[in-house]
Structures are given as structure tokens and as C-alpha cells.
Amino acid sequence: MDSSENYFALFGLPVAYGLDVQALGPLWRQLQQQHHPDRFSHDASAQAQAELLSSRINAAHETLRDPVRRARYLLELAGHGIDNESTTVSDTDFLMAQMDLREQLDDAESIEGLDGLRDEVGQWQASLQREFAIDYAEPDWPEAQDTVRKMQFMQRLLSEIDRHIERLEDEQDL
């Protein structure tokens, strides 16, 4: 196995956004078993190479199983990576919706309210993932980049909602 292969090639998968995430786990375990550094303890050079490959396999698994990271990686492979520091979402409707969702998060006082908000944001995220698949397949690189930025917004919002839910659950346990 060539450690310089792209993440999809490492797993023997076609370079595509849509993939069976459930199938990644068994493939990852199989690759880790085949290339585990302990299997090469008799040869220091081979063991060092196995450590590098094992690390790359882990990075590939983490990237491919996450839809946002997978989308970013596909853009990088296509030569259209995005720079989060210099470019922002310019879709004013999306930005207004984002502000509304954040206000809902700030105003939510119950786990039930946060669960409803989480469902709504999850639907947004699923819609953006479908949109990215279309943008990538066309290929419409500016739109695909913009969609990934939107996906990142929603992913951060989902994380914030989860943190608020955890905080409320902890308060209930006191």
C-alpha cells in the first residue's frame, strides 16, 4: 500500500462524496490490522513505515466518515480547496437564517426546545449535503465551496446545541 495515495484509494473507494459510511468501520479495522506497527516489530524500518501508514489510515478514516471534512477534502483533491480565513458566505438569505437559528439557540431554555432546534439544523445540514453532492458532480466549484462553508456553519451550530443540551442535563442532575 502506498502511503501517498489519497484517502479514498487507501480504502479502495472511488473518489466521490456519496459513500457508505457504515462500510468504513470494517474497512478501517481491516487496514489497521494489516498495517499495525506491532506486526513489524522485527524490522525497525518497516515498523516506522507502518506507524506512518497507520496514522494516515486513521486520518483518512476520520476525514471520510465526516461529511463536512469529506467535502473539504474532495475540494482539495480537485484543486479547489477553501480558505476559511479569507472567504465567507455571501448568501444573505442563509446568513439571516443562521442569525435566526442562533437567536433560537440563545432563547432556548429546555432540552425539548433544543432537541427541536437540533432537528431543524440537522435538516438544514442534510439539505446542504445533498446540495454539495450536486455542486461537486456538475462540477460547480464556487457553489461547492460556498456550500461547504454553509455546512461548516451548521456543523458548528450543531456542536453548540449539543453543548447547551449537555449543560442543561448537568443542571438537571444537580
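Let's start with helix 6, which covers residues 111-137. Its 27 residues reach 38 Å from the first C-alpha to the last, close to the 39 Å expected at 1.5 Å a residue. Keep in mind as you look around that this is a predicted model.

Which residues of helix 6 are buried? They are Ile111, Leu114, Leu117, Val121, Gln125, Leu128, Phe132, Asp135 and Tyr136. If you turn the view to see what lies over these buried residues of helix 6, you will find that their cover includes helix 4 (67-77), helix 5 (92-107) and helix 7.

Helix 7 spans residues 141-173, and Thr147 is one of its residues. Is Thr147 buried or exposed? Thr147 has a relative accessible area of 0%, so it counts as buried. Leaving aside residues up to four places away in sequence, Thr147 touches Leu128, Glu131, Phe132 and Asp135. Among these partners, Leu128, Phe132 and Asp135 are also on the list of buried residues in helix 6.

Now move to helix 3, made of residues 44-65, where you will find Arg65. Here the setting can be read from the accessibility: Arg65 counts as partly exposed because its relative accessibility is 43%, and that class lies between 20% and 50%. Which residues does Arg65 touch, not counting those up to four places away in sequence? The answer is Val21, Leu24 and Arg70. With Val21, Arg65 is 44 residues apart along the chain, yet the C-alpha atoms of the two are separated by 5.6 Å.

Let's step back to the whole protein. Its secondary structure comes to 7 helices and 0 strands, and from the N terminus on the elements run α-α-α-α-α-α-α. The protein is more spread out than a compact globule, because its radius of gyration is 20 Å, well over the 16 Å that the globule rule gives for 174 residues. Along the principal axes, the C-alpha atoms fill a box of roughly 60 × 50 × 30 Å.

How do the contacts and the surface look across the protein? Of contacts between residues at least 6 apart in sequence, 68% join residues at least 24 apart. Of the 174 residues, 34% count as buried. The accessible surface comes to about 10,100 Å², and 47% of that surface belongs to carbon and sulfur atoms.

Note on methods
Residues numbered from 1 in each chain as written. Predicted model: local features only at pLDDT ≥ 70, side-chain atom pairs only at ≥ 80, totals over all residues. Heavy atoms only, no water. Helix = DSSP H or I, 4+ residues; strand = E, 2+ residues; numbered from the N terminus. Buried < 20%, exposed > 50% of the residue type's maximum accessible area, 1.4 Å probe, protein only. Contact = heavy atoms within 4.5 Å. Rg over C-alpha atoms; globule rule 2.2 N^0.38 Å. Areas by Shrake-Rupley, 256 points an atom, 1.4 Å probe, with all protein chains shown as cover. Expected span 1.5 Å × (residues − 1).
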